[in-house]
Amino acid sequence: MLKYMLSPRVRAWIGSVRRKYGLQWPRRGHVNFGDLRRVTPVSSAFGMDRGKAIDRFYIEAFLRENAGYIKGRALELGDPYYIETFGKGQVSQADVLHVVAGNPIATIIADLTDAPHIPDNSFDCIIFTQSIQMIYDFRAALATLHRILKPGGTVLLTTAGIAKIGRRLGRDDCGEYWHFTSQSVEALAKEFFPGAEAEVQTYGNVLAATAFLQGLAIEEMEPAELDYCDPDFEVIVTARITKAGAGK
């Protein structure tokens, strides 16, 4: 509360006094890092070797909150897991997009940066989780998402904020090029979905971010430690974007 009530000058003066007289708490030099005092993570696999990855807690919370938008003809990348989990009884047709041939459950083979063969205004919902950061030309991909989404249809987008690098060219099939903030996602929604109803939300806090970077799992955290959201620590950034033009 004081952060917002006091001027920057007063806050700077308080900070200088705390440093001068050692008034920080915990006292400087007395923080116990325990098992986290290490230069390599506890798990290098996002904690998936220990349980369920912490980012999935937030991704699934977002999709659960917005399950009502997963309906009609829905599209998901890679597999239809989230369509089947959160769109039960509401989805009339589930499509799976894969960038290259070979995925036996894919119904559409396309690169979202250049996919003229996907018709305009095709989908009522597009689940676009943890993918935008893996696409170098993400602007072209967003333009495609807008084009193939029906007026009144909704994109449910999630992307990594504070996280280790997930993909590297030469080691994985694709690279990871970007990490986004809520401000950049909001700006992109306005740019590529003009007139849309867009709600950008963040999930995470300093403890969740630290645990996720170290590769701890959901099962090693208390629910309250994950539920608390601090907007200064964006572990996951989400956007619900409903395309303008329904009924016009």
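Guide: Let us begin with strand pairing. Strands of a sheet pair through backbone hydrogen bonds, either parallel or antiparallel. In this predicted model, strand S5 and strand S7 (residues 236-242) run antiparallel and are joined by seven bridges.

Visitor: Which residue of S7 is the bridge partner of Val155?

Guide: Val155 has Ile241 as its bridge partner in S7.

Visitor: In which sense do S4 and S5 pair, parallel or antiparallel?

Guide: S4 and S5 pair in the parallel sense, over six bridges. Within that pairing, Cys125 stands opposite Thr154 in S5. S1 and S4 also run parallel, and three bridges join them. There, Glu76 has Ile127 of S4 as its bridge partner.

Visitor: How should I put these pairs together, and what is the order of the strands in the sheet?

Guide: The order is S3-S2-S1-S4-S5-S7-S6, in an open sheet of seven strands with mixed pairing. Strand S3 (108-109) and strand S6 (197-203) are the edge strands, each pairing on one side only. Overall, the protein has eight helices and seven strands.

Visitor: How does one read burial, and how many residues of S4 are buried?

Guide: Burial is judged by relative accessible area, and a residue under 20% counts as buried. By that criterion, S4 is mostly covered, with six of its seven residues buried. Across the 248 residues of the protein, 42% are buried.

Visitor: Why does Thr159 count as buried?

Guide: Thr159, which lies in strand S5, counts as buried because its relative accessibility is 0%. Beyond its neighbours within four places in sequence, Thr159 is in contact with Gln130, Ile132, Gln133, Phe180, Val185, Val235, Ile236 and Val237.

Visitor: Which residues of helix H5 (residues 138-148) are buried, and what covers them?

Guide: The buried residues of H5 are Phe138, Ala140, Ala141, Leu142, Thr144, Leu145 and Ile148. Their cover includes the strands S1, S4 and S5, together with helix H6.

Visitor: With which residues is Ile54 in contact, leaving aside its neighbours within four places in sequence?

Guide: Ile54 is in contact with Ala208, Ala211, Phe212, Leu216, Ala217, Ile218, Met221 and Leu226. For the protein as a whole, consider the contacts with a separation of 6 or more: 69% of them are between residues 24 or more positions apart.

Visitor: How many cavities of 30 Å³ or more are there, and what lines the largest cavity?

Guide: A cavity is a space where a probe fits but cannot get out. The count here is one cavity of 30 Å³ or more, and the volume of the largest cavity is about 70 Å³. Its lining consists of Ile132, Leu142, Leu157, Val185, Leu188, Ala189, Phe192, Phe193 and Ile241. By class, the lining has nine nonpolar residues, no polar ones and no charged ones. Helix H6 (residues 182-192) gives the most to this lining, with four residues.

Visitor: How much space lies in the largest pocket, and which residues are closest to its centre?

Guide: The largest pocket holds about 1200 Å³ of space. It is lined by 41 residues, of which Gln130, Ser131, Met134, Arg167 and Cys174 are the closest to the centre. The lining divides into 22 nonpolar, nine polar and ten charged residues. H3, strand S1 (72-77), H4, strand S2 (91-98) and S4 each supply at least two residues of that lining.

Key: Residues numbered from 1 in each chain as written. Predicted model: local features only at pLDDT ≥ 70, side-chain atom pairs only at ≥ 80, totals over all residues. Heavy atoms only, no water. 1 Å grid on protein atoms, 1.4 Å probe; cavity = no way out; pocket = protein on both sides within 12 Å on 5 of 7 lines; lining within 4 Å. Points joined across faces, edges and corners; volume = space filled by probe spheres on them. Nonpolar A, V, L, I, M, F, W, Y, C, P; charged D, E, K, R; others polar. Contact = heavy atoms within 4.5 Å. Pairing = 2+ DSSP bridges. Buried < 20%, exposed > 50% of the residue type's maximum accessible area, 1.4 Å probe, protein only.
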